[in-house]
Amino acid sequence: MGMSYNPFSLEGKTILVTGASSGIGRGAAIECAKMGAKVIITARNEDRLKETLSQLEGEGHVMRVCDLTDNEAIKEMVNSLPELQGVVNNAGFTTIQPIPFINEEEFLKIMQVNTMAPVLTLKYLMKKKKLKSGASVVFTSSLAGIGTMSVGNTMYGCSKGAISAFIKGAAKELAAKNIRVNAVCPGLVDSQILASGTITDDQLKKTLELYPLGRSGKPEDVAWAMVYLLSDASSWITGVNLPVDGGRELY
Amino acid sequence: MELKDFIANFAEQFDETDVNEFKPETVFHDLEEYSSLVALSIIAMINEEYDVTLKGDDMSAAVTIEDLFNIVKSKM
């Protein structure tokens with residue numbers, strides 16, 4: 001047992017990462033590549049996807065532009081893939097709308113991108129037999145998907161709650177094929193704070209008081225949990241919603 | 001966009017505060033009922049009614065209701 005012993009390695013695995021043009025998805029692609037995987041990244045924005053691709057260590061990584069609001073495009077994207085040993089079903093977004101302002105079109109779009117698209121991605125991967133024994137699928141849910149909510153975020157909570165339920169059923173169903181399905185449930189991650197802009201410095205300070213470890217998350221914090229769930233080190237773990245939240249769920 | 005209508009829409013996001021409290025010069029951050037949810041509701045109302053997307057910082061920058069009105073107006 002020397003330097004080569006590493007059950008957390010992703011060497012020899014080809015891993016699809018959706019939503020890889022920013023935030024947690026970009027972090028996941030970068031860390032998977034560092035851990036030895038060949039990574040296939042996908043997102044809607046070609047320029048930002050190229051930027052992620054340029055940050056991936058090692059050889060053999062590729063990108064596929066795909067609009068997750070288009071179910072036919074998801075099907076075609078999946079059909080174009082080789083056999084995979086890992087999937088990070090990550091793409092997602094939120095719009096803050098207090099209940100009296102819930103906009104039906106926006107709600108449908110959130111459900112499409114956050115729920116329908118990752119479910120269909122797994123559906124087509126199974127249908128086309130792209131996942132074999134030993135493969136691992138990781139979904140990005142959220143603390144909001146397991147009941148720790150912030151105000152104004154109910155549509156997002158619906159979409160992620162659906163994912164946290166889906167992985168339970170998928171884990172049970174795909175266990176017979178020795179394919180594992182888990183989710184990570186991140187708390188507040190830097191990328192989201194910057195992207196939303198709805199939160200002021202004062203509110204951020206107040207929010208962070210609810211985080212026992214005293215800081216918000218970095219994309220890598222979540223990516224490392226994903227690496228674990230993708231690796232053979234987690235071979236006996238399936239159907240789990242893993243909080244990655246600096247202890248936020250303790251409150 | 002009329003200031004009078006804006007103030008009426010603004011006031012709608014409150015339940016307890018007396019409607020006479022809402023004037024152009026009202027320092028809304030000091031209203032007892034003002035909260036993060038009310039702030040989010042005002043942002044959502046402005047998006048729905050005026051098609052303007054405000055950031056949390058815009059809410060902090062405005063001292064009075066009229067300040068906020070002027071910020072919205074400048075973004076229309």
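Guide: In chain A, 73% of the contacts with a separation of 6 or more are between residues 24 or more positions apart; two residues are in contact if their C-beta atoms, placed from the backbone, lie within 7 Å. The model is predicted, so local features need pLDDT of at least 70 and side-chain atom pairs count only at pLDDT 80 or more, while totals for chains, interfaces and linings use all residues. Residues are numbered from 1 along each chain as its sequence is written, and chains are lettered from A and ligands numbered from 1 in the order in which they are written.

Chain A contains 8 helices and 7 strands, where helices (H or I, at least four residues) and strands (E, at least two) are DSSP runs numbered from the N terminus. Its radius of gyration is 17 Å, close to the 18 Å that the globule rule gives for 251 residues, so chain A is as compact as a globular protein of that length. The radius is taken over C-alpha atoms, and the rule is 2.2 Å times the number of residues to the power 0.38. The C-alpha trace of chain A spans about 50 × 45 × 40 Å along its principal axes.

Of the 251 residues in chain A, 48% are buried. A residue is buried if 20 or more other C-beta atoms lie within 10 Å of its own, exposed if 12 or fewer, and partly exposed in between.

When neighbours within four places in sequence are left aside, Leu122(A) is in contact with Asn89(A), Val137(A) and Ala170(A). Val87(A) is 35 residues from Leu122(A) along the chain, and the C-alpha atoms of the two are separated by 8.7 Å.

Chain A also touches chain B, and this contact takes 11 residues from chain A and 12 residues from chain B. The side belonging to chain A has 5 nonpolar, 6 polar and no charged residues. For this division, Ala, Val, Leu, Ile, Met, Phe, Trp, Tyr, Cys and Pro count as nonpolar, Asp, Glu, Lys and Arg as charged, and the others, Gly among them, as polar.
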